[in-house]
Amino acid sequence: MSYPKPQVASTVRQATIDTSRRSPVVDMPPEYEGREQSFLKHSVLRKYLIEWGIKVGSASRGGNTITLWHVDCFSGPWTSQADNLEDTSIRIGLGALEAAADVWRKGGSRIETRALFVEKNPKAFAELRDFLAAQSGSVRTEALHGEFGHHVDEIRDRLGNDPAFIFVDPTGFKGAAMDYVAKLTTVRQRDVLINLMYNDIARFKKLECLREHFQDFFGGALPPELDQDAILALYRDNLKTRCGLSFSADVAIPHKTSERTWFHLVLGVNRREGLDLLRRIEKTVCGKEAGTVRASAKMRRDEKRTSQLGLPMNLGPEEDWSYAERNARDGPKALEALTEEVRRTGGARFDQLWPRVLETHHVTRTQLGKLAFAAVKDERLAVARPRAGARTVRDDERLILGPVSSEP
Ligand SMILES: C[S@@+](CC[C@H](N)C(=O)[O-])C[C@H]1O[C@@H](n2cnc3c(N)ncnc32)[C@H](O)[C@@H]1O
């Protein structure tokens, strides 16, 4: 099979399909119909990888040549409906890396881009290899056949000390041992995004025959009595300690039509900016985009059930229920956690405080800055040197306890 060269503009775009009856809050290519959760996953991947590449690629200013790597450890193609693999992480990863590097290349910087794709299934691997062979973009690619675990030492050696974005998207949890991930996160500029298939974990966590696989995936024992939040917390904690990463946070990708979480994408990162970025992407993807594509999926489901066309509707809650609920629940908790951090540290700059809060709360940094500012007005917090006309708390401002919170 021959494939056209990826068009960066088309792989990076938020598509613009005519939806006539549908409000174009976000446009989802038709190949994703029935796989809306994959669209949302790919949207997170694309947005994060582009911003990561732009940020890390900025080191190329001033004449340094740098190499940016993208490693897709469970690449597929898998359930793709598009002839050009436009709906796969393979093509999305390539387009995003190329787009990020182009930002700096346009200004004359020298950036090399390289990508490794690992796939175990022979048929999928053959398709992957043919697809990559037909590409003529600037990313130097290589397909590795076999299990991620079998290739991980080779991948580690190939990356050397270069920055890399590592994407771990297994079918379930087998073959994605935390010890493997740890081999690739030894360098500071390495961000890792892992798909945690909560559904599979919840179904199988009590099966004795899978105990070893869970142990490998979690990097330690998984007590069967843990609920969803505790399972995620355990994974995030282990990811930090076992992989030597400073921060970890997750976003929940909802099921296409049911009111439940389908999987979580867990980020491990050393740079606090990665947390800020993830929370902004979460608001856009799990909030706005999920609201639109899930409303559309539900409408299609209902049309099928009734064999009638649904009434024209304005698609979309502004934000999907799941994100809106999490965000509303976490706002006050985030402020509490921030206040506790201020108390614990005796006062600190906002940029020293927000990373720990954003790790475990589904709020954006901007939102937290505004919440903190409201707390300053209420005298629960105070800014060491207040600015006239301020409406939020800035990164370089020092927060201390206000008179109300200081009272014994
Ligand atoms: C969930 S799919 C990947 C989907 C892809 N990342 C995307 O978003 O388009 C997981 C893929 O990993 C492959 N796979 C399963 N176990 C593997 C292993 N141990 N090492 C590498 N690939 C594996 C499967 O054949 C499948 O193609």
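Colleague: What should I know before reading any values?

Modeller: This is a predicted model, in which local features need pLDDT of at least 70 and side-chain atom pairs count only at pLDDT 80 or more, while totals for chains, interfaces and linings use all residues. Residues are numbered from 1 along each chain as its sequence is written, and side-chain values use heavy atoms, with hydrogens and water left out.

Colleague: What does the pLDDT average for the protein chain?

Modeller: The average is 90, and 91% of the residues score at least 70; pLDDT is the predictor's confidence in each residue, from 0 to 100.

Colleague: Where is the pLDDT below 50?

Modeller: Residues 1–23 have a pLDDT below 50, and this stretch has 66 contacts in the model beyond near neighbours in sequence. A contact means heavy atoms within 4.5 Å. Where pLDDT is low, the predicted coordinates should not be read in detail.

Colleague: Now the sheets. What is the order of the seven strands?

Modeller: The order is 3-2-1-4-5-7-6, in an open sheet with mixed pairing. Helices (H or I, at least four residues) and strands (E, at least two) are DSSP runs, numbered from the N terminus, and two strands pair if DSSP finds at least two bridges between them. Strand 3 (140–145) and strand 6 (247–254) are the edge strands, each pairing on one side only. On average, neighbouring strands of this sheet are turned by 15° against each other, direction ignored.

Colleague: How many bridges join strand 5 to strand 7?

Modeller: Five bridges join strand 5 (residues 190–196) to strand 7 (residues 261–269), and the two run antiparallel. Asparagine 195 stands opposite leucine 265 in strand 7.

Colleague: Which strands does helix 4 lie across?

Modeller: Helix 4 (residues 122–133) lies across strand 2 (111–119) and strand 3, running at about 165° to strand 3. Axes are lines fitted to C-alpha atoms, for helices over the stretch in contact, and angles run from 0 to 180 degrees between N-to-C directions.

Colleague: And the sheet of three strands, what is its order?

Modeller: That open sheet has the order 8-10-9, with antiparallel pairing. Its edge strands are strand 8 and strand 9, each pairing on one side only. Helix 11 (residues 321–345) packs on the sheet and touches strand 8, strand 9 and strand 10, its direction making about 85° with that of strand 10. Helix 13 (residues 365–377) also packs on the sheet, touching strand 9 and strand 10, at about 100° to the direction of strand 9.

Colleague: Which residues stand opposite leucine 399 in strand 10?

Modeller: Valine 383 stands opposite leucine 399, and alanine 348 stands opposite leucine 399 as well. The bridge partner of arginine 349 in strand 10 is arginine 398.

Colleague: Turning to the ligand, which residues come nearest?

Modeller: Of the 19 residues around the ligand, His42, Ser89, Glu119, Phe148 and Asp169 come nearest; a residue counts as near if one of its heavy atoms lies within 4 Å.

Colleague: Where is proline 77?

Modeller: Proline 77 is in the loop between strand 1 (66–72) and helix 3 (89–105), and the peptide bond from glycine 76 to proline 77 is cis, with omega near 20°.
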